[in-house]
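The structure is shown first.

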Amino acid sequence: AAGMFLRLLSDVRWRAANPTWRGVTCCRRSSSSTAEPHPAALPAQAQVVICGGGIMGTSVAYHLSKMGWKDIVLLEQGRLAAGTTRFCAGIVSTARQVSLELKMADYSNKLYRQLEQETGVNTGYVKTGSISLAQTQDRLISLKRIASSLKVMGIPCEIITPKQVAQLHPLINIHDLVGAMYVPEDALVSSANVSLALATAASRNGVQIHERTSISHVSVQKGRVTGVETDRGQIRCQYFVNCAGQWAYELGHSGEEPVNIPLHACEHFYLLTHPLKEPLPSNLPTVVDPDGRIYIRNWQGGILSGGFEKNPKPLFTEGRNQLEIQNLQEDWDHFEPLLSALLRRMPDLEALQIMHLVNCPESFTPDMRCIMGESPTVRGYFVLAGMNSAGISYGGGAGKYLAEWMVNGYPSENVWPLDLKRFGTLQSSRTFLRHRVMEVMPLMCDLKVPRWDFQTGRQLRTSPLYDRLDAQGARWMEKHGFERVKYFVPPGKDLLDLDQSKTFYKPDWFDIVGSEVKCCKEAVCVIDMSSFTKFEISSTGDQALASLQYLFSNDLDVPVGHVVHTGMLNEKGGYENDCSIARLSKRSFFMISPTDQQVHCWAWLKDRLPDDSSLTMEDVTWKYTALNLIGPRAVDVLSELSYAPMTAEHFPSLFCKEMSVGYANGIRVMSITHTGEPGFVLYIPIEYALHVYNEVMNMGQKYGIRNAGYYALRSLRIEKFFAFWGQDLDAFTTPMECGREFQVKLEKGMQFVGQEALLEQKQNGVYKRFTMFILEDHDTDTDLWPWWGEPIFRNGRYVGKTTSSAYSYTLERHVCLGFVHHFDEKTGEELVVTTDFINQGEYEIDIAGQRFQAKAKLYPFSSLFTQRRRKEEVELSGYQRE
Amino acid sequence: AIPVRGSRLPLLSDAMPAPAHLFPLIRNCEISRICSTVCYCHHKHVCCLSSHFAHSHFRYAPQKRFATLYRPKEDFNHFIHARDYASTPQRFYLTPPQVNSILKANEYSFKVPEFDGKNVSSVLGFDSNQLPANAPIEDRRSAATCLQTRGMLLGVFDGHAGCACAQAVSERLFYYIAVSLLPHETLLEIENAVESGRALLPILQWHKHPNDYFSKEASKLYFNSLRTYWQELIDLNSGETTDVKEALINAFKRLDNDISLEAQVGDPNSFLNYLVLRVAFSGATACVAHVDGVDLHIANTGDSRAMLGVQEEDGSWSAVNLSYDHNAQNEQEVERVKREHPKSEEKTLVKQDRLLGLLMPFRAFGDVKFKWSIELQKRVIESGPDQLNENEYTKFIPPNYHTPPYLTAEPEVIYHKLRPQDKFLVLATDGLWETMHRQDVARIVGEYLTGVHHQQPIAVGGYKVTLGQMHGLLTERRARISSVFEDQNAATHLIRHAVGNNEFGAVDHERLSKMLSLPEELARMYRDDMTIIVVQFNSHVIGAYQSEEL
């Protein structure tokens with residue numbers, strides 16, 4: 001078995017016919033000794049140039065060519081599948097937390113299964129199944145949550161006992177296990193060969209593949225890709241796809257117009273052994289032991305085992321250096337904890353002989369999700385990279401989505417969680433990436449409980465009030481690099497205790513948030529909401545109004561001083577953004593969007609606003625501190641501070657006015673709270689922030705003012721059935737589907753984006769419906785808490801998933817928000833969801849395999865106070881009777 | 001340290017009058033008592049060692065009035081290592097947390113504050129720590145930032161014959177140095193402020209462990225002496241810019257002079273009077289570093305030592321000495337002493353590696369017994385308080401005392417220009433250097449600071465290794481590394497190694513536990529007071545200085 005890397009494409013079939021993993025150990029010699037044949041000349045022009053011949057690049061080429069795009073050139077600096085792909089452990093696993101990743105993995109699995117038949121290239125596909133072990137009850141809960149998701153996707157999966165584990169795998173020590181999850185259809189492949197198979201199929205479809213060609217930079221003109229410069233000449237192109245894996249960051253920064261692709265490589269180790277005396281059968285299930293941080297698969301009768309250590313070694317921080325992947329050293333001392341875990345899990349392997357410790361770098365991203373999509377700054381520049389060591393599992397699905405994106409303008413699924421535009425330039429710092437990936441890599445195995453936060457790369461963007469709030473006991477979370485308060489720990493509480501409230505059950509902050517909510521309902525609270533994205537759009541003439549009327553679904557031609565809630569929709573009527581726009585003057589608008597919209601919304605508007613010098617758009621996020629005054633007494637605080645009447649007659653809701661607060665002038669006051677409660681948001685030029693905050697707190701004292709955090713805000717908005725973009729709303733959700741027809745003005749006298757789709761929906765009905773569920777038989781103290789992503793069952797049949805949830809302190813019940821679909825019982829086809837369909841069902845929510853009865857509602861409670869259940873009283877009388 | 005051949009063992013002090021705390025004596029009978037106690041253990045459990053032990057270190061005891069200091073160096077290794085030790089009458093087992101609490105009791109860390117997220121100082125910060133062997137400890141340490149000039153001062157002080165002198169030097173020396181460095185205008189400003197009763201410019205910002213105290217009672221006295229010094233500097237105004245080396249030498253000499261004068265003049269307050277005498281009759285060595293940008297000056301008086309940790313290009317560590325010990329092992333120093341006295345004294349000047357057969361360091365603060373004329377000594381002692389008069393040690397005049405002074409506090413100053421590869425500086429009293437080679441010190445601190453344990457990496461290569469074998473090997477290697485992560489303080493880490501290292505250069509907990517649980521009266525026989533300051537340099541800043549110059 002000489003090298004398995006092709007020189008000429010015709011070689012692929014021949015070589016791939018007898019590929020072996022032994023290639024890994026001997027290819028170094030063979031590749032260097034092979035004589036260099038004449039490379040074919042590069043074309044001068046192509047529609048698409050793909051950089052990177054790993055699993056991602058070949059998968060994109062494969063899917064693009066399948067979708068009919070033929071004029072494609074794939075460039076690889078070395079040999080096909082010679083980078084991370086070659087060293088990849090080859091495990092195809094669908095056990096993923098995020099449902100989008102789960103779908104990608106499922107698609108990949110199905111694709112690889114038939115790939116050999118399709119291409120004739122032996123992919124080494126073996127259906128082995130996988131067993132994920134749980135050493136703790138919490139781990140088992142997290143596996144059960146995944147199992148619930150897998151089952152409703154139609155992927156076979158079961159939670160099994162330690163005894164059943166022993167039956168499935170003879171070597172596993174089960175004494176410290178509490179259970180496991182078995183996914184029988186998970187598989188093993190030879191990742192290099194999968195990549196070669198995809199390349200073979202792509203080249204049959206006309207894709208040109210050139211090895212040993214490296215790209216120096218991508219040429220850009222007027223914000224569009226125009227071509228690439230390679231060491232073998234230039235290629236003009238319309239689209240460029242960066243699949244350069246761990247080099248993607250550097251390649252992104254090599255051009256004049258940098259494309260920021262936040263990923264960073266870490267060393268990753270796995271062990272190969274000689275075969276056992278009695279070689280392991282090739283269909284033995286792969287074992288994942290997250291508590292031991294390791295995975296173990298069979299490999300040629302022996303084992304292959306690697307893992308994600310607590311102290312990863314990031315590399316290539318200073319960019320690419322002479323150190324080639326091949327020269328990376330084995331580091332046994334570093335591998336020791338993983339080896340210990342392996343021998344603890346399979347003690348019988350002690351006598352097994354070591355063959356090799358492979359060091360193969362993997363790239364990781366700041367939020368543990370891969371990076372996909374088009375650059376916000378350069379049109380036609382696509383990216384697919386940062387697989388967080390799951391490249392093989394995602395390869396097929398990710399390639400498919402990206403190809404759809406390029407060909408159709410948008411993929412067939414909501415890929416926002418993976419969209420490149422979720423990052424800003426703030427994530428491009430190498431120091432940030434280095435520190436963050438050192439946290440991310442261990443997180444691959446760490447238990448993730450509801451509302452966990454990253455600990456590294458923090459305190460990057462902060463409000464000017466940060467120190468003040470921190471001194472008052474604020475606990476922080478981060479969104480798009482911005483520190484936001486979760487809640488305030490009252491003085492005297494045991495802080496240590498609270499920081500360790502990592503649980504799937506009722507958290508320690510329950511009462512703290514409860515009192516903040518109570519204060520919002522009965523007095524007044526201040527929440528610092530400075531992180532929200534804020535744009536100002538203005539023009540010399542009517543251009544601003546005209547453009548916005550076209551881009552937004554609600555009618556923005558309102559009197560000056562009014563605030564409009566509106567969607568920024570795509571052609572299909574889906575929410576690209578959900579925002580509040582205030583008309584500051586006839587010709588200028590102030591737009592407030594979710595925090596993580598900063599890049600996406602900017603790119604979307606830049607792309608669509610007319611190229612007109614009289615129309616200006618400015619990102620003023622950093623200019624204003626936003627204080628949200630929530631509660632019935634907000635009116636009193638503000639009117640005392642401004643000597644202006646703030647009652648509803650003078651300051652109706654959805655109104656905006658510049659006024660003075662304390663000594664500070666020019667404070668933009670809006671009568672919105674993002675929660676459905678009465679109150680105001682103050683947009684304060686940052687130099688006045690501290691002053692206004694102090695004034696508000698001082699004046700508010702007599703009204704019982706206190707600080708509150710986002711957890712209180714979330715509880716308030718969810719019990720009021722407020723949907724949030726990024727959590728509940730996405731590009732595949734229309735206003736019609738979430739009861740927001742009132743925020744759409746279909747007849748505003750002019751066309752707007754998405755109008756046709758909405759009109760059609762109005763006529764024909766919707767295929768999913770945003771619904772509020774109140775958990776009925778759920779015990780807040782003892783039952784598992786919902787998070788998001790829990791399957792919803794109607795009359796025992798799966799109809800959709802929740803998108804967010806919170807405990808409502810007013811209802812004293814858990815509230816889940818989610819989408820209900822109507823799948824035909826026989827065909828599974830999606831049918832129209834009617835109000836009756838929603839109302840006439842019996843609902844259950846599945847939390848980690850346990851189902852809770854839920855009451856569905858399509859409209860929020862008109863007044864929560866009247867609905868309040870006198871729970872204590874009922875229980876008290878119950879006791880008395882006994 | 002107790003370089004004077006009058007080793008003090010608190011065990012005996014009960015029988016002594018109050019001054020025994022300062023100048024204890026060991027009488028013959030008591031020495032033999034200790035000998036027999038120690039030898040008892042040896043005979044019973046470590047037979048092979050006992051003869052060597054008794055002979056090499058207590059040889060002089062029966063013949064001399066003053067017992068030789070027991071310098072345990074090579075013997076205690078065997079002693080502690082003998083497994084049978086566990087069964088001796090004194091059995092002490094400390095748990096790892098107990099060991100840590102002892103080791104960490106005196107640790108102190110200072111990080112140079114950052115501005116705009118940047119530390120522009122060439123010093124990142126320092127770690128310091130002390131482990132007492134004497135009770136109370138006779139070592140002192142100081143660290144301070146100069147506020148009116150640039151630079152940072154760090155120093156270790158090893159007292160002998162009590163801690164009074166070391167204490168005084170640790171409080172006062174940096175003020176003398178800082179004043180010596182001040183420009184004329186600043187001195188005038190300060191003097192004018194004092195004159196008119198205005199607030200004084202702060203001269204030093206101290207970085208002190210809570211246990212590092214200043215004597216309140218003497219502060220007025222000390223201040224007046226210091227003021228006299230700066231007044232003289234003002235009068236002398238040379239107009240030249242201050243040379244650091246010169247400033248250091250002047251400060252050392254001036255302080256020693258003031259100590260001597262204060263003792264001669266005395267003080268109407270009886271407490272203070274006794275204090276200045278105790279300061280003058282005890283002694284202290286000093287090793288002081290002044291860091292300002294890339295300019296590093298080490299001023300050393302005595303046998304404490306400064307060492308630079310240098311990281312070679314291959315990542316390994318080497319040590320560069322930045323001071324010379326002033327003791328009998330330093331030939332140049334012996335020659336200097338001989339040069340300064342008539343040839344007739346050549347044979348009596350240095351005996352048994354000690355100055356006049358008594359004192360181990362050849363330079364020191366205080367120790368007026370080696371500086372004053374016999375007449376002066378007698379006059380001061382006679383007019384002094386009773387406690388002084390009754391003390392045999394103070395009354396004792398060194399043998400062959402013909403041409404005082406025999407001792408000086410003048411430091412030897414070494415200048416070093418910092419390079420990016422100079423990663424840290426270790427200042428330590430001889431308690432460290434007698435148990436550890438500087439090369440080991442450089443490696444242990446270097447590896448601690450970089451968090452990398454420089455072990456040869458393992459490669460499987462073509463060998464047949466099973467998973468179990470590899471696992472055993474790795475576990476063993478990790479045990480060695482793990483000691484690095486126990487400490488948050490480089491000085492603590494170094495002490496842990498100095499006290500607990502076994503023959504493989506790894507910390508042996510059992511040994512560490514035994515060494516730390518020695519009863520007070522025995523501790524001094526196995527180890528000396530140990531004081532360590534580890535200064536970490538900022539290679540980026542130093543590199544920037546360097547490239548600026550290019």
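**Interface of chains A and B**

The model is predicted. In it, 15 residues of chain B are in contact with 16 residues of chain A. About 1500 Å² is buried between chain B and chain A, and carbon and sulfur atoms give 62% of that area. On the side of chain B, the residues that lose the most area to chain A are B:Leu467, B:His471 and B:Leu474, which together make up 43% of what that side buries. By class, the side of chain B that touches chain A holds seven nonpolar, five polar and three charged residues. Between the two chains there are zero salt bridges, while six residue pairs are in polar contact, both residues being at pLDDT 80 or more.

**Sheet in chain A**

Six strands of chain A form an open sheet with mixed pairing, in the order β32-β33-β34-β31-β25-β35. Strands β32 and β35 of chain A stand at the edges with a single partner strand each, so one side of each has no neighbour in the sheet. Strand β25 of chain A is joined to β35(A) by two bridges, and these strands run parallel. A:Cys525 has A:Arg706 in β35(A) as its bridge partner.

Helix α19 of chain A lies across β25, β31, β32, β33, β34 and β35 of chain A, and runs at about 150 degrees to β34(A). Residue ranges for the helix and some of the strands are as follows.

| Element (chain A) | Residues |
|---|---|
| α19 | residues 689-700 |
| β25 | residues 525-528 |
| β31 | residues 624-630 |
| β32 | residues 656-661 |
| β33 | residues 664-670 |
| β34 | residues 679-685 |
| β35 | residues 706-707 |

Methods. Residues numbered from 1 in each chain as written. Chains lettered and ligands numbered in written order. Predicted model: local features only at pLDDT ≥ 70, side-chain atom pairs only at ≥ 80, totals over all residues. Heavy atoms only, no water. Contact = heavy atoms within 4.5 Å. Buried area = accessible area lost by both parts, 1.4 Å probe. Salt bridge = Lys/Arg side-chain N within 4 Å of Asp/Glu carboxyl O. Polar contact = N/O pair within 3.5 Å; in protein donor to acceptor, adjacent residues only side chain to side chain. Nonpolar A, V, L, I, M, F, W, Y, C, P; charged D, E, K, R; others polar. Pairing = 2+ DSSP bridges. Helix = DSSP H or I, 4+ residues; strand = E, 2+ residues; numbered from the N terminus. Axes fitted to C-alpha atoms, helices over the stretch in contact; angles between N-to-C directions.
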